[in-house]
Amino acid sequence: MSTVAPPPMTSMRALDSRATAERPSRAYWAGFVVVVAALAVAPLVLPPFWQRFVTEILIWGLLAMSADILIGYTGMVSFGHSAFFGLGLYGAAAALLWAPGPGWLASVWGVTPKLWAAMAAGLVAAALVAVFVAFFSTRLRDIYFAISTLVFSQIFYVIIFTWTDVTGGENGLTFRQPPFEIPGLLAVRFSGDGIHWFVLAVVVTSYLLLRRVTQSPFGMVLQSIRENEPRTRAIGYHVERYKIVAVMLSGLFAGLAGVLYALQNKFAAPDFVLFLISGETVIFTVMGGMGTLVGPVAGAAFFLLMKEVFSRIFYEYYLIPVGLIFTLMVIFVPQGLLGFARRALNR
Amino acid sequence: MLPFDQLVVQIVNGLVNGMILALVASGLTLIFGIMDIVNFAHGDLFMLGAYIGTTVFFTTGNFWAALVGSVLAMALLGAVLQTTALRPLIGRDPLTTILATFGISLILQNYALWQYGPVPRRIVEPVSGHFQLFYVDYPWYRILVAVLSAAIIGGLYLFMKFGKHGIWIRATTQDRVMAAAMGIPVPWVHTVVFAIGASMAAASGVLFGPTVGVNHAMGFDFTLKAFVVVVVGGMGNLGGSILASIFISLLESLATIWVSPAQAIIVSFVALIVTLLVRPTGLFVPTPK
């Protein structure tokens, strides 16, 4: 990417600063290591309640991060991420409940890797929904895109809510947590700390992957669609294809968040497909800072902390102060909590 | 093998629901057409209007007082919301208005839950008679609701067409800058339009109140339906959204002959998606040149 010779220092200072900013700074990686280390140690020092809390932040953070690919990098506000999340959740549930028992894969591997089967099923379910949504919604722009994603997620909600025989309807599905397995090597039951580390590993890997994607030529095209769509098209990029891939990528990682939620909480309920989850995802992303990938995780942490604090003061009406703070942030701090560090985070 | 009587009953139902929806959607489309604001809280204005209606109804015992009181209170609330939360957003990306109004929707919905509790409340209808429509006793009240909704929408139409301030509103829709240059107080037009939209939502809330219980979650359904209608009818087009309301409600009513009401809503979603793909400018508007 950086094969272009840096322009003369005096004439083009702006470009020059970009050229030197290509490589991530040492401070960034130092911060990254500190945060990941803190999150890894967290379950050892925190009481069980807060331990679960941190794990949940990571899961919701991954969901918000996936939404950021669309909202922050491509400039398409999705109000339908609950569909991907929910299908990931139900896909994993289906695999854990009805996957063929020992004997089918046992003959091949010696064990039944239920954990990986659940992940695969969740991702496939989310990907199928993403193909469907991407095919229709990417033809639309701006508000129309937002409304059509919202409508798609409601369609999936209605299907899951009313198809009681398979999905359990309003009651949802409960299942057992699969053990952590590496086929042929080991199989151990998840401890409380274990599930946290597993989630942390998946989320950090996803973050690094998504970060790489946003910095790749593909990610640059997405950002150029955000900045100026007609111009991107005029240069010769097939904008629709890029949008379809962006929606699918985003949907896939949202589905992964759903799978993690299934593994942690051992149940699936239609509430997680309801549009409220999509709304919260957008809140996480906007509050934390669009277009930063880390911001949405911070946004999720901020939102869940506010929820925790306010629900002790206002009980179930905590959304009144949260809604107020969100509205004020949209008006006065539209770039979000980490928006000020956007350039540094994207190096 | 379509039973004729069932068909007629569902068509009447669809028309009545369509008129209520048209009242909500015309407020939404008015707000969008003039300010480019996608009002995510519109259904919650409808819900809060219905609740204020129940409060006035339980204190005065008079349905019509509840209707007028709720309309006035919500007009005031609408004006306050517009000046405090939405005026700073004018000129920004329309998507930020979705976010801001989504925040407002959370506040209003949970305020209603806090203030009125989770148990649905009922307003008693002012007209309690029924007439025989094949196998059902059809309440006259529902017919009255349809007529009243049509009257309110007709009044709005006449105001927009002939009233001095209505012409101000239309001028602002066409060209904000030119309207300001001609001496029209554009910021106030915005506030008043939002107040009108909110009060129309409140009116439909109070009218709809007696047919079902009033609860804090009823707003979202209507937000979603009103969105569907406004897009199917053509964003910002008043006539289109009225026709689309009736069209969508008829579709849903007819669908309930075969599927449960919860599933019937999918029919309107499919109608929306087909519209967006085939004719994104809206089904009921002339082809733009």
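This is a predicted model: local features need pLDDT of at least 70, side-chain atom pairs count only at pLDDT 80 or more; totals for chains, interfaces and linings use all residues.
Before you start, local features here need pLDDT of at least 70 and side-chain atom pairs count only at pLDDT 80 or more, while totals for chains, interfaces and linings use all residues; side-chain values use heavy atoms, without hydrogens or water. Residues are numbered from 1 along each chain as its sequence is written, with chains lettered from A and ligands numbered from 1 in the order in which they are written.

**Stop one: two helices in chain A**

Select residues 192-215 (helix H9) and 239-265 (helix H12) of chain A. Helices are DSSP runs (H or I, at least four residues), numbered from the N terminus. The two pack at an angle of about 175 degrees, with axes 11 Å apart; axes are lines fitted to C-alpha atoms over the stretch in contact, and angles run from 0 to 180 degrees between N-to-C directions. H9(A) is therefore roughly antiparallel to H12(A) (the term covers angles over 145 degrees).

Now show side chains. The contact has 13 nonpolar, two polar and no charged residues. Here Ala, Val, Leu, Ile, Met, Phe, Trp, Tyr, Cys and Pro count as nonpolar, Asp, Glu, Lys and Arg as charged, and the others, Gly among them, as polar.

**Stop two: a salt bridge**

Stay in chain A and pick Glu229(A) and Arg233(A), which form a salt bridge with the closest N and O atoms 3.0 Å apart (a Lys or Arg side-chain nitrogen within 4 Å of an Asp or Glu carboxyl oxygen). Both lie in helix H11 (residues 229-235), four residues apart, about one turn of the helix.

**Stop three: chain B against chain A**

Show both chains: 38 residues of chain B are in contact with 36 of chain A. How many salt bridges are there between chain B and chain A? The count is zero.

How values were computed:
Angles under 35 degrees count as roughly parallel, over 145 as roughly antiparallel, 65 to 115 as roughly perpendicular and the rest as oblique. Contact means heavy atoms within 4.5 Å.
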